[in-house]
Amino acid sequence: SARDAAIQKFYDDADGDPLVLDKWFACQAGADLPDLLERVVKLTEHRDFTLKNPNRCRSVIMTYTMNEAAFHAEDGKGYQFLGDILEQLDKVNSKVAARTTASSLISWKRYNDKRAGLMKAQLERLKSMVPVSNDLLEIVSKGLK
């Protein structure tokens, strides 16, 4: 498709530049597409994505969570995805994991009962992880109050 060709050209033109690649990831994670979560999952499997790079994490994960319609889809799959990522990220960079959680899941009280319950369930899951970093535990515990 023309969209895929444009995305590929953007990637090719980036020529490995980290800042441009962050934008390449972010523009895809923020897209208004019905299959966005599946696309974001594929982005996390891309050879240029790593949880060890905070900017790369933010370009994909934070951009996706700021995409209100996609992240807050009624099925809760966005919350499940974030919980899965945060579980991995906490082992690699607990500060980024804590900040990602803070801005994305702890606002659960602002949403309807169904979404709030799904978001809160991910917070409880993260809180009960063994091991869990002090950074993540602090934010999650505050968010559950």
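Reply: A crossing is left-handed if the near helix is turned anticlockwise from the far one by less than a right angle, and right-handed if clockwise. The crossing of α1 and α2 is left-handed. Keep in mind that this is a predicted model.

Now the geometry. Two packed helices are described by the angle between their axes and the distance between the axes. Helix α1 covers residues 2–14 and helix α2 covers residues 18–29. Their axes come within 9 Å and cross at roughly 165°. Angles over 145 degrees count as roughly antiparallel, and α1 and α2 are therefore roughly antiparallel to each other.

Next, the residues in the contact. From α1 come Ile 7, Phe 10, Tyr 11 and Ala 14. From α2 come Val 20, Leu 21, Lys 23, Trp 24, Cys 27 and Gln 28. By class, the contact has 8 nonpolar, 1 polar and 1 charged residues.

Take Ile 7, in helix α1. Its relative accessibility is 14%, so Ile 7 counts as buried. Leaving out residues up to four places away in sequence, Ile 7 touches Trp 24 and Gln 28. Phe 25 is 18 residues from Ile 7 in sequence, and their C-alpha atoms are 9.7 Å apart.

Then His 46. This residue is found in the loop between α3 (36–44) and α4 (54–66). His 46 touches Tyr 11, Trp 24 and Phe 25, again not counting residues up to four places away in sequence. Tyr 11 and Trp 24 are also among the residues that make the contact of α1 with α2. A polar atom of the His 46 side chain lies 2.9 Å from the backbone nitrogen of Asp 48.

Arg 56 comes next, in helix α4. Its relative accessibility is 5%, so Arg 56 counts as buried. Neighbours within four places in sequence aside, Arg 56 is in contact with Pro 18, Leu 21, Asp 22, Phe 25, Asp 48, Phe 49 and Thr 50. Phe 25 is also touched by His 46. Leu 21 also belongs to the contact of α1 with α2.

Helix α7 spans residues 94–104. Its buried residues are Ser 94, Val 96, Ala 97, Ala 98, Thr 100, Thr 101 and Ser 104.

Terms used: Residues numbered from 1 in each chain as written. Predicted model: local features only at pLDDT ≥ 70, side-chain atom pairs only at ≥ 80, totals over all residues. Heavy atoms only, no water. Helix = DSSP H or I, 4+ residues; strand = E, 2+ residues; numbered from the N terminus. Polar contact = N/O pair within 3.5 Å; in protein donor to acceptor, adjacent residues only side chain to side chain. Contact = heavy atoms within 4.5 Å. Buried < 20%, exposed > 50% of the residue type's maximum accessible area, 1.4 Å probe, protein only. Axes fitted to C-alpha atoms, helices over the stretch in contact; angles between N-to-C directions. Parallel < 35°, antiparallel > 145°, perpendicular 65-115°, else oblique. Nonpolar A, V, L, I, M, F, W, Y, C, P; charged D, E, K, R; others polar.
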